[in-house]
Structures are given as structure tokens and as C-alpha cells.
Amino acid sequence: MAKLAILEFPDPRLRTKAAPVTEFDAALRQLAADMLETMYEAPGIGLAATQVNVHRQLLVLDVSEDKDQPMTLVNPKVTAKEGTQVYQEGCLSVPGIFADVERADRIHVEAHDADGKPLSFDADGLLAVCIQHEMDHLVGKLFVDYLSPLKRELVRKKLEKQRRHASTAEPAAAAL
Ligand code: NI
């Protein structure tokens with residue numbers, strides 16, 4: 001297992017559109033394991049391959065309280081959505097920044113696991129938020145894109161300042 005480097009906003013590589021996974025091989029399972037290790041250590045509750053500069057449709061997450069329910073979703077698709085919810089989101093690629101984002105309240109997801117087994121399930125609450133947030137990463141979208149251009153510019157400046165004073169960065173409570 002290996003910890004991977006996480007790209008940070010405004011790195012242009014975060015804007016890359018991920019390609020579908022076509023081979024469910026040992027390399028894919030290793031990548032998923034490394035991404036989970038990186039996510040837990042960060043610490044965060046979700047991580048998309050885009051964030052570690054791998055442009056394949058793969059994401060990992062664990063929204064459980066005890067951090068013992070890891071999920072790997074390959075080539076995920078939302079096939080139905082219902083209602084809206086607002087959640088204060090963070091992101092490992094936008095450290096220390098949190099903002100309210102409106103997303104679907106309930107979604108139906110079709111995907112595969114790291115072994116290629118088909119998955120089909122309903123998600124709501126934080127799990128639904130997390131899946132929608134990570135799927136945005138796979139199309140090059142960040143949660144700060146939902147903010148006004150002015151607010152996004154403030155985020156960029158705050159991150160620049162944080163990087164200059166690295167020790168003052170706030171830990172991310174629930175970074176996705
Ligand atoms: Ni994120």
C-alpha cells in the first residue's frame with residue numbers, strides 16, 4: 001500500500017474528465033486500496049481518482065462513523081434522483097474550506113466494485129452527498145464551482161495564504 005499525493009485547487013489537472021475503466025485487474029484493486037489508505041489518512045470521507053491524478057472513473061468513500069465501511073465505485077452512474085438537500089461540504093483538494101452545496105436528496109446508483117461485480121443501490125443523506133461530490137470530480141468539477149465567481153476567488157486567495165503559512169491550516173472535519 002502507498003499513500004498518494006492529492007492535487008489541490010486550482011491545479012488544472014483537477015479539470016480532467018476521467019475515462020471509463022475497462023479492465024478490472026490487480027492494478028485497479030491496488031489503486032483502490034491506495035486511494036482508501038490516502039483518504040483515511042488525510043483524513044477524509046471520499047476520494048476520486050482525479051484527485052490523485054489518475055483519470056479513470058473510480059472513487060472510494062466511507063461515510064460510516066467507525067470508518068469501517070469502505071466502498072469502491074467504478075464507472076458510477078446516477079440513474080435516478082429525487083428531492084434536494086443542502087450540506088456543508090469540504091474537499092481534500094480544497095483544504096480548510098467549507099461551503100453549503102445543494103444536491104439531490106436521494107439517488108439511485110449503478111456501478112461496479114473493484115472486482116467488476118455490478119452494484120445497484122439507493123443512497124440518501126451524507127452517502128448521497130458524498131457520491132455526487134466524488135462523481136463531480138470525475139468530470140473535472142469541484143464543489144467551489146457551485147459558489148459565485150467572487151467567492152471562488154476568495155477561496156483561491158485563502159488557499160494561497162494557507163500554503164504560505166502551512167502550519168495554520170485548519171484540519172478538514174469532513175472533507176470529501
Ligand atoms: Ni472532493
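This short talk walks through a sheet, its core and the helices of one predicted model.

Hi everyone, a word on ground rules. The model is predicted, so to speak: local features need pLDDT of at least 70, side-chain atom pairs count only at pLDDT 80 or more, and totals for chains, interfaces and linings use all residues. Residues are numbered from 1 along each chain as its sequence is written, and side-chain values use heavy atoms, with hydrogens and water left out.

Let's start with the sheet. Helices (H or I, at least four residues) and strands (E, at least two) are DSSP runs, numbered from the N terminus. Two strands count as paired if DSSP finds at least two bridges between them. What is the order of the strands in the open sheet? The order is β1-β2-β3-β4-β5, five strands with antiparallel pairing. β1 (46–48) and β5 sit at the edges, each pairing on one side only. From one strand to the next, the twist averages 30°. For angles, axes are lines fitted to C-alpha atoms, for helices over the stretch in contact, and values run from 0 to 180 degrees between N-to-C directions.

Now strand by strand. β2 and β3 (residues 71–89) are joined by four bridges, and Val 60 stands opposite Thr 72 there. Between β3 and β4 there are twelve bridges; Ala 80 has His 108 as its bridge partner, and Gln 85 has Arg 103. β4 (residues 99–112) then pairs with β5 (residues 118–124) over seven bridges, with Glu 110 opposite Ser 120. β4 and β5 make a hairpin with five residues between them, and Gly 116 in the turn has a positive phi of about 95°.

On to the core. Buried means under 20% relative accessible area, exposed over 50%, and partly exposed in between, using a 1.4 Å probe and protein chains only. A nonpolar core is a set of buried Ala, Val, Leu, Ile, Met, Phe, Trp, Tyr and Cys residues joined through side-chain atoms within 4.5 Å. The largest one here has 19 residues, and Leu 59, Leu 73, Ile 107, Val 109 and Ile 131 have the most contacts inside it. At least two core residues come from each of β2 (58–61), β4, β5 and α2 (125–138). Which element gives the most to this core? That is α2, with six residues. Taking contact as heavy atoms within 4.5 Å, and not counting residues up to four places away in sequence, Val 109 touches Leu 73, Lys 77, Leu 119, Ser 120, Phe 121 and Ile 131.

How do the helices sit? α1 (residues 26–41) lies across β1, β2 and β3, at about 40° to β2. α2 packs on the sheet and touches β1, β2, β3, β4 and β5, its direction making about 120° with that of β3.

One last stop, Ala 2, in the segment before α1. Its C-alpha atom is 7.4 Å from that of Glu 37, 35 residues along the chain. Ala 2 is partly exposed, at 33% relative accessible area. Thanks, everyone!
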